[in-house]
Amino acid sequence: MTIVAEFKIDYRQILDPNGRLVAPLPRFAEDIDEVVKMYEAMTRVRVFDTKAVNLQRTGQLGTYPPSLGHEATHVGVGAAMRPEDVLAPVYREYGTQLWRGVTMMEILTYWGGDERGNDFAGPRHDFAWCVPIATQTLHAAGAAMAFKVRREPRCALAYIGDGGTSEGAFYEALNLAGARTLPVVFVIVNNGWAISVPVAEQTATKTLAQKAVAAGIPGIQVDGNDIFAVREVVSEALETARRGAGPSLIEALTYRLSDHTTADDASRYRSDSEVKEAWAIEPMIRIRKYLVEAGAWNDAKETSLLQDCARQVDAAVAEYVRLAKPSTDAMFDHLFAALPAHLHEQRATARKYSSSSKPGSSKPGAPPSQPDASKPSGH
Amino acid sequence: MVEAIALAHGWEMQHDDAVVVIGQDVGANGGVFRATAGLQARFGAERVQDTPLAEATIAGMSVGMATHGLKPVAEIQFMGFMYPALDQIVNHMTRMRYRTRGRLSCPVVIRTPHGGGIHAPEHHSESTETLLCHIPGIRVVCPSSPARAYGLLLAAIRDPDPVMFLEPVRLYRAMRQEVTDDGQALPLDRCFVLREGNDVTIVTWGAMTLETLRAEADLAARGISAEVIDLATLSPIDSETILASVAKTGRLVIVHEAARNVGVGAEIAAIVAEHALYDLQAPIQRVAGFDTIMPLFRLEHDYIPSVQRIIDAVHFTLTD
């Protein structure tokens with residue numbers, strides 16, 4: 001017998017759960033102010049996320065997918081990307097989006113049931129939130145093809161979840177990227193659970209990173225709760241792609257500490273002990289310990305940061321709840337570059353029967369007529 | 001209604017070992033709407049299986065399972081996620097019997113939530129039944145009450161051909177109704193006359209029966225007698241019931257949540273125009289969703305046809 005192909009999957013960790021370096025310090029982390037900046041961004045998204053869940057619970061926001069526990073992966077990816085790169089998000093990666101310039105107000109607007117949240121002022125070239133699972137991976141590959149054809153030194157980065165790796169579109173995107181040496185990086189956020197289905201029931205493979213092998217591209221696993229490792233691995237992959245050396249697949253191992261969405265109840269299908277174990281290795285503790293150890297952080301700074309984050313979140317929420325309901329014309333705006341004639345009549349009908357004067361309907365995320373359990377969100 | 005759907009699953013699994021339930025989160029979680037709640041505990045993880053997160057997988061494996069002795073009842077978690085499954089449905093599931101001259105067949109039910117109105121996220125409020133109705137070789141069913149959901153789902157599972165079973169999300173928890181768990185199926189390919197009347201026929205289905213029955217009550221208070229027909233099986237259409245009603249009333253209003261353009265309402269209007277034009281005393285009216293994307297939820301109630309739109313359409317047929 002002759003072996004014609006073999007593979008191995010590397011696992012990268014730099015900062016262990018206790019905040020100790022287990023590998024050489026990456027260059028970006030030599031600047032302690034940069035590390036502080038990343039920690040602040042992680043804290044900011046966690047404060048925002050907590051508030052967003054509360055807004056949903058009090059009927060001021062629609063169904064919302066929390067990002068609790070994903071802060072190191074999301075902020076690490078954001079910090080590794082360049083502004084001119086293109087992000088193809090799923091729907092939970094607020095840490096990346098906030099880093100890139102999407103605002104809290106815009107995130108709330110989208111989850112408050114208003115398309116204007118997708119018209120963000122920040123990275124105008126980034127894709128919108130993408131609910132149909134794995135479809136965005138092909139968009140990223142296509143954007144990368146555009147950069148290649150147009151000779152632009154830019155990369156696309158697509159997120160996908162562990163469950164999403166079961167979709168055909170994911171394999172198709174990897175295959176295309178490999179076959180055409182595209183400047184694209186795929187980041188699997190493996191948080192253990194696709195709503196109620198654990199990774200072991202999605203796939204028989206030992207890692208999700210090895211899905212890269214079939215597409216002939218490099219795959220690597222990284223501790224997704226370690227922001228140093230995430231940023232380092234993603235930076236390397238982006239630079240490889242940028243110099244024309246092809247795509248990569250990165251599996252970031254983390255844990256969904258929250259329910260899938262506010263319409264989900266994870267206690268139905270997973271044990272408290274598992275969640276408790278995950279809290280012990282969550283991403284904030286280790287980076288804070290590292291900063292304290294380095295003399296760059298203390299309780300006073302922490303208190304001040306939390307106050308600052310709360311102020312920012314409160315300001316965003318205030319702006320969000322003030323946002324008036326869109327007019328019914330919004331259903332017809334942007335459907336085409338120029339609205340076809342037959343839709344003018346329908347637009348007039350919509351205006352005539354508009355419910356905007358009805359009580360309760362003008363507030364964002366006004367409580368629905370049914371309990372939240374009746375409006376779950378898939379995926 | 002969601003409990004009635006779970007009951008129908010339970011009855012049929014109890015009485016037919018070939019019935020298996022597959023889909024995303026249908027097992028321990030009991031479905032994101034709880035439509036399969038308790039089934040895995042009762043029938044085991046082989047007969048109630050969580051699938052990998054892949055809609056094409058669900059439809060394609062259903063073809064394989066159904067052609068080889070099982071009767072899959074598959075859940076697609078939301079209609080907006082149906083589209084990767086369409087390749088398997090159009091190219092294989094619906095033509096397996098035809099292309100093999102009856103040698104292989106696909107007794108599959110694909111259940112999926114239908115329509116909006118519950119403040120759900122993007123892609124969770126679709127009503128794209130027209131895409132399915134256009135496919136030959138498949139039935140498309142949409143119940144409008146717990147009892148009809150129970151009886152029609154049993155009929156769908158027992159049917160030897162594939163059935164798309166669309167469950168209006170607004171009705172999942174909107175009404176309470178005693179359902180007798182007696183295994184009695186309701187007929188497919190038949191409309192249900194929900195209200196008898198003489199002045200106008202209103203044909204609708206799914207959650208729009210709510211607005212239509214409110215309109216009917218309002219009209220009745222003003223002395224206008226509307227006959228309300230729940231289409232129930234959207235494909236193939238029970239022309240006989242509709243034509244008999246129009247022969248009696250001479251007026252037809254069709255109400256649906258889906259976009260108007262090439263909607264199922266257009267097919268009903270065409271059937272009446274072809275067979276009963278001379279029975280009509282007024283132009284047929286359609287009250288439908290707009291030909292736009294289903295908006296996110298701050299505007300969804302401006303998209304879904306209102307009671308007043310239905311009443312105004314009826315008045316139009318009476319005064320024209």
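Modeller: Happy to; below we go through a strand, a helix, the domains and the chain contact.

Modeller: Keep in mind that this is a predicted model.

Colleague: Good to know. Let's start with β3 of chain A: how many of its residues are buried?

Modeller: Six of the six residues of strand β3(A), residues 156-161, are buried, so the strand is largely enclosed by the rest of the structure.

Colleague: And which way do they point from β3(A)?

Modeller: Ala156(A), Ala158(A) and Ile160(A) point one way, while Leu157(A), Tyr159(A) and Gly161(A) point the other way, and all are buried. In a regular strand, side chains alternate between the two faces of the sheet.

Colleague: Which strands pair with β3(A)?

Modeller: Strand β2(A), residues 86-88, runs parallel to β3(A) and is joined to it by three bridges. Within that pair, Ala88(A) stands opposite Ala158(A). Strand β4(A), residues 184-190, also pairs with β3(A) in the parallel sense, over six bridges. There, Ala156(A) stands opposite Val184(A).

Colleague: What does the chain pass through between β3(A) and β4(A)?

Modeller: The chain crosses through helix α6(A), residues 168-179, and this β-α-β crossover is right-handed.

Colleague: Nice. Switching to helix α10(A), which residues are buried there?

Modeller: In α10(A), residues 283-293, the buried ones are Pro283(A), Arg286(A), Ile287(A), Tyr290(A) and Leu291(A). Seen down the axis of α10(A), they fall within an arc of 135°, so they line one face of the helix.

Colleague: What do the buried residues of α10(A) pack against?

Modeller: They pack against three helices of chain A: α1 (32-57), α2 (71-80) and α8 (227-242). Just after α10(A), Gly295(A) takes a positive phi of about 80°.

Colleague: Okay, zooming out. How is chain A divided into domains?

Modeller: Domain 1 of chain A covers 10-322, and domain 2 covers 328-362. Their C-alpha centres lie 36 Å apart.

Colleague: Last topic, the contact between the chains. How many residues does each chain give?

Modeller: Chain A gives 45 residues and chain B gives 41 residues. On the side of chain A that touches chain B, the elements giving two or more residues are α7 (199-202) and α12 (341-352) of chain A. Helix α12(A) gives the most, with three residues.

Conventions: Residues are numbered from 1 along each chain as its sequence is written. Chains are lettered from A and ligands numbered from 1 in the order in which they are written. This is a predicted model: local features need pLDDT of at least 70, side-chain atom pairs count only at pLDDT 80 or more; totals for chains, interfaces and linings use all residues. Two residues are in contact if their C-beta atoms, placed from the backbone, lie within 7 Å. Helices (H or I, at least four residues) and strands (E, at least two) are DSSP runs, numbered from the N terminus. A residue is buried if 20 or more other C-beta atoms lie within 10 Å of its own, exposed if 12 or fewer, and partly exposed in between; C-beta atoms are placed from the backbone. Two strands pair if DSSP finds at least two bridges between them. A crossover is right-handed if, with the strands pointing away from the viewer, the path from the first strand over the helix to the second runs clockwise. The arc is that of the directions from the helix axis to the C-beta atoms. Domain bounds come from an automatic or database domain assignment.
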